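Subject: Handover of a structure and findings on its interior

Dear colleague,

Please find below the structure that I am handing over to you.

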Amino acid sequence: MDRLIYLDHAATTAARPEVVETMLPYFTENYGNPSSVYKFSNTSKDAIVNARAVIAKSLNTEPKDIYFTAGGSESDNWALKETARVYKDKGRHIITSTIEHHAILHTCEFLEKEGFEVTYVGVDENGIIKMDELKKAIRPDTILISVMFANNEIGTIQPIKEIGAIAREKGILFHTDAVQAYGQLPIDVDDMNIDMLSASGHKLNGPKGIGFLYIRKGIKIRNLIHGGGQERARRAGTENVPGIVGLGKAVEIAVETMADRTRYETELRDYLIDRVLAEIPYTRLNGDRYNRLPNNVNFSFQFIEGESLLIMLDMAGICGSSGSACTSGSLDPSHVLLGIGLPHEIAHGSLRLTLGHENTKEEIDYVIDKLKEIVQRLRDMSPLYEDYMRKNR
Ligand SMILES: *Cc1c(COP(=O)(O)O)cnc(C)c1O
C-alpha cells in the first residue's frame, strides 16, 4: 500500500512549498543577526518587521503587540503563568474550560500548585461552553479567563466575542488559545475583546517550532525569557529568523486563501460526515454539526476500539487520530469526549479526521470505503456487538 492519505491536519500540517522557499535564504545568504548594526543584517531585521506586520494585520492590531515564541504551547504557558504572577495581588482565581488543550490544562494545574484557584467551566453536549456557568464562576478575585477559540478534537467553535465582552465588562483579562482557529476563521482581537491570543505556525502550513502570542497594549505580563532586548525584551534570544519569515508567509497565504479554502474544506467535511452517518450504523458525530471548524470531523463508532481502528486505517494508508490520550502511554479516553458527556466505551471508539486543502473528494471516497470495511471487520470480532445483535434481532 503506497498510498498516503493525510487526515490529521489538527496534529500538524505540511509547510507549503512557497513557505519553505521564502525561508531558505534566511538560513544561507541572509543569516545576519537582526540585532547587529551593520547593513548586512538589515535583511533579517526587515524580514521580521514584515512578518510581524502581516500577522498584526490578520488580527486587526498593531505589529508591536505581536511577540514571536516557539509555538502554541509556549504562548499558552506565557499568557497564563506570567499574567497570573503579575496580577496575583489583585486575585488568585482563574477561569478556563474543561475541554482545553493540555498546554492550558496542565499549566492551570501547575498554577494550582502555586496557590492559584482554577474553575473549569463545563460544556454542553456539542462542546460549547456553558455561558451561564461561566458567568456564575466570576468572582471579585478572578484575574483571568482563558477559553480556546476552537477545539482541537471536536472542532467546536466557542462564542469568543461574547466571552470577551463579559471579561471586559468585569475588568478581567481574556486569553484565547486560537491555535486551531487561526488561519481557518477570521479573527479581530479588538472586535472580540481578546487581550491575549496564542497561535502556532505548524497548524497553518507553516514551520514547526514557531508561533506567537498577541498581547494587547497595556496588559501587564512578566517577561518570559530574560536576556537581550529581542521582542521588546519580553522574550529574549536571537530571533528564529527563518521560522518567523515562514510563519509570516504561511499567514499571508492563509489569509488570502481563507474564503475559498474553507468553503472547499467545509464541502468535503459535510460530504464525509453525511456519508459516514448514513452508511455506517451505530455511529455518532461528536461536536456541533455546523458550528465547527471547516476541516474537523470526529466520529464515535459503537462497539469498537479507536486504537484498533487507527492501526487498520494506517495499514490502508490513512492517517487519523483517536480520542484516546495515547501519547501519555495510557488509554484513557480524551477529556474532551468525556467533557461532552460521552460514556467511556463510546469515547473509546472515536476517530478524528481533520482535512487540509490538498485533500480530494476521491481520497474521501476511498477513506469512506475503507472505513466501512474496517468498522464492520472490527465489529464482527467484537463480543459486545455480537451480544447486542443477538438481543436486538
Ligand atoms: C497544537 C495545539 C497547541 C500546541 O501548539 P504547539 O505549537 O504544537 O506547541 C495548543 N493548543 C491547541 C488547541 C493546539 O491544537
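The notes below cover the nonpolar cores, the cavity and the aromatic pairs.

This is a predicted model, in which local features need pLDDT of at least 70 and side-chain atom pairs count only at pLDDT 80 or more, while totals for chains, interfaces and linings use all residues. Residues are numbered from 1 along each chain as its sequence is written, and side-chain values use heavy atoms, with hydrogens and water left out.

Nonpolar cores

A nonpolar core is a set of buried Ala, Val, Leu, Ile, Met, Phe, Trp, Tyr and Cys residues joined through side-chain atoms within 4.5 Å; buried means under 20% relative accessible area, exposed over 50%, and partly exposed in between (1.4 Å probe, protein chains only). The largest such core comprises 49 residues, and Ile145, Phe149, Ile187, Leu197 and Phe212 have the most contacts inside it. A second, separate core of 29 residues includes Leu272, Ile273, Ile364 and Ile368.

Beyond its neighbours within four places in sequence, Phe149 is in contact (heavy atoms within 4.5 Å) with several residues, among them Ile157, Ile160, Ala181, Leu185, Ile187 and Ile194.

Cavity

The structure holds one cavity of 30 Å³ or more. On a 1 Å grid over the protein atoms alone, a cavity is a set of points where a 1.4 Å probe fits but cannot get out, and lining residues have an atom within 4 Å of a point. Grid points are joined across faces, edges and corners, and the volume is the space filled by probe spheres set on the points. The largest cavity holds about 210 Å³ of space. Its lining has 22 residues, of which Gln184, Lys203, Leu204, Asn205 and Arg261 lie nearest the centre.

Aromatic pairs

Eight aromatic pairs are found in the whole structure. Rings of Phe, Tyr and Trp (its six-membered ring) pair if their centres lie within 6.5 Å; planes under 30 degrees apart count as stacked, over 60 as edge-to-face and the rest as tilted. Tyr31 and Phe40 form an edge-to-face pair, because their ring centres are 5.0 Å apart and their planes stand at 70 degrees. Tyr31 is exposed, at 55% relative accessibility, whereas Phe40 is partly exposed, at 36%.

The pair of Phe299 and Phe301 is tilted, since the centres lie 5.7 Å apart with the planes at 45 degrees. Phe299 is buried at 0%, and Phe301 is buried at 0%.

Yours sincerely

Note on methods:
1 Å grid on protein atoms, 1.4 Å probe; cavity = no way out; pocket = protein on both sides within 12 Å on 5 of 7 lines; lining within 4 Å.
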